[in-house]
Amino acid sequence: MAALAPSTSSAAVSLFRLGGIPDTCGVRGFSFRRRRRNRRFVVLSLSTKPTILVSEKLGDAGLNLLKEFANVDCSYNLTTEELCSKISLCDGLIVRSGTKVSRDVFESSGGRLKVVGRAGVGIDNVDLAAATEHGCLVVNAPTANTVAAAEHGIALLTSMARNIAQSNSSVKAGKWERSKYVGVSLVGKILAVIGFGKVGSEFARRAKGLGMHIIAHDPYALADRARAVGVELVSFDEAIASADFISLHMPLTAGTSKMLNEAAFAKMKKGVRIINVARGGIIDEEALVKAINSGVVAQAALDVFTEEPPEKDSELVLHENITATPHLGASTTEAQEEVAVEIAEAVIGALKGELSGSAVNAPMVSEEVLYELIPFVSLAEKLGRVAVQLVAGGSIIKAVKISYGSSRDPEDLDTRLLRSMIIKGLIEPITNVFINLVNADFIANQRGLRITEEHLVLNGSPAYPLEWIQVHIANVESKFASAISDTGDITVEGTVKDEIPYLTKVGTFDMDVSLEGSIILCRQIDQPGMIGKVGSILAEGNVNVNFMTVGRIAPRTQALMAIGVDEEPMKDALKKIGEIPAIEEFVYLKL
């Protein structure tokens, strides 16, 4: 299930194309409906396969999965120019840490690129802002190499403490310097884990087994989760000031760039030792060399660097008190295969139109929530489409309020997917912009569209997630005056019955209209013969009517007639409908 609508070369359709048509639907007031066979449209494959570019080596297990689903182009060591020239022919791209997926890459894709998969955890080599703007999902493989990275951190910790790398080189050089390479014990030492996510917590568990006292700093970590593994959460300054060893396990962001700098080193205990298996750039490498030379930092063990590979004459790498490895955190046979499979499955899922649990630039929607909300996804988009078509030409939409009626507590109702679909319905019909779950909020903000949401708690059973959705567009004129509610906004309301979206209110008029095909709304004087007159005009124009329904305030007063049509009426037919004396106004809505 998903927010990604596949390109024409995609191997499957998204949930936005899944739906059903019931035999009959009840309505308020008079109605008739052409009886249809119950059917569902589920397209599993199209004639052409998507194309996935793999720009760095990937395990065979992952490649085999990709090749079963798509055309796979394995082109390694591409320059930026070569990547940009290839990308317009690709629906998916899989990279490791060595490929920079810049804004130029997304712009060169021409909108075809739907997903970028990072075979690993860190995504600092992918321009997330550009990906989001272009509606491209970015997924990573956050779990497969967790244990491998944690184990490598422990390997660096122990080898640094006992000078394994240095003494190994010494012995191979024909020396026997036992007194020079006296190490330090780990038992009872304070280890500060900076970043208590998946890798950080696994690293802490293993270090705990070595007899170390573990403290951690992570502004997003839960104290209960830390306590469960015997770890105390503290502030950053407290962590670095009291630690004998400091291990880094956070992503590289604007907030973590050069987090360990001269100011941070000045707060540390003399003789501290530092491990980094996270990302290069978190440490100010020049400041680290100074801190080691001054004796503040006794040793460092680094698996990652600001520039990879570092310069051959790098003072940092050549320093005797620094143990260096060439970004080996995920480099075990088992992890490589697991990463390959995990990223292949994520990319394939995205191209099938499924939401990925490892998406990094889209809101995460759990499988349970998604299953419940699928029937409302089509409703949300169609309500947006109806609402925007009721706005008079020349009016600029700036403020939209979405109301959700539910018996559930608002905290138990995740509406992010529905909000994205309403934005899609509001914007796509009047622009050439493609909108999905990835870029919906960005596009809305970019266009100055302010979206607010309210949750109205209803009496009833919380077993059903929603009773109805309303879309209100404020401070605009309407081409159909009946769409204006008592608040002065254009208001439409809908619900779902038997998995079919229904329009239940326009302005102040209640109705019960299936949102399929296209609809003509007519405000009329309630009198005999109106359905026959409109039906005859449409029949003359060879327009097939699939339902008509009338909702009225009271007999012989105003009524709102909704007509479902299979074809778009000619302008002449619509003009004739408008010329019927009892019809006060009408609007044609294309869904």
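Trainee: How many helices and strands does the secondary structure of the protein come to?

Mentor: The protein has 18 helices and 25 strands. Helices (H or I, at least four residues) and strands (E, at least two) are DSSP runs, numbered from the N terminus. This is a predicted model, where local features need pLDDT of at least 70, side-chain atom pairs count only at pLDDT 80 or more, and totals for chains, interfaces and linings use all residues. Residues are numbered from 1 along each chain as its sequence is written, and side-chain values use heavy atoms, with hydrogens and water left out.

Trainee: What does the C-alpha trace span, and what share of the residues is buried?

Mentor: Along its principal axes the trace spans about 110 × 50 × 40 Å. Buried means under 20% relative accessible area, exposed over 50%, and partly exposed in between (1.4 Å probe, protein chains only). Of the 591 residues in the protein, 52% are buried.

Trainee: Now contacts, please. What percentage of those between residues at least 6 apart in sequence join residues at least 24 apart?

Mentor: A contact means heavy atoms within 4.5 Å. Here the share is 66%.

Trainee: What does the face turned away from the buried side carry, and what do the buried residues of α2 pack against?

Mentor: The face turned away carries the exposed residues Glu 81 and Ser 85. The buried residues of α2 pack against β4 (51–54), β6 (92–95) and α3 (103–108).

Trainee: Cys 84 is in that helix. How many disulfides does the count come to?

Mentor: A disulfide is a covalent bond between the sulfur atoms of two cysteines. The rule used here asks for a pair of cysteine sulfur atoms within 2.5 Å, and by this rule the count is zero. The sulfur of Cys 84 has its closest cysteine sulfur in Cys 90, and at 12 Å that is too far for a bond. Cys 84 is buried, with a relative accessible area of 16%, and Cys 522 is buried at 0%.

Trainee: On to the backbone. Which peptide bond is cis, and where is its proline?

Mentor: The bond from Glu 308 to Pro 309 is cis, with omega near -5°. Pro 309 sits in the loop between β14 (297–302) and α12 (315–318).

Trainee: Which phi does Asn 163 have, and is this residue buried or exposed?

Mentor: Asn 163 has a positive phi of about 55° although it is not a glycine. Its place is in the loop between α5 (146–161) and α6 (164–172), and Asn 163 is buried, with a relative accessible area of 9%.

Trainee: And Asn 542: what is its phi, and is it buried or exposed?

Mentor: Asn 542 has a positive phi of about 60°, and it is not a glycine. This residue lies in the loop between α17 (530–540) and β23 (545–552). At 67% relative accessibility, Asn 542 is exposed.

Trainee: Where is Thr 332 found?

Mentor: Thr 332 is in the loop between β15 (322–324) and α13 (333–352), and is partly exposed at 26% relative accessible area. The C-alpha atoms of Thr 332 and Gly 62 are separated by 15 Å, while the two residues are 270 residues apart along the chain.
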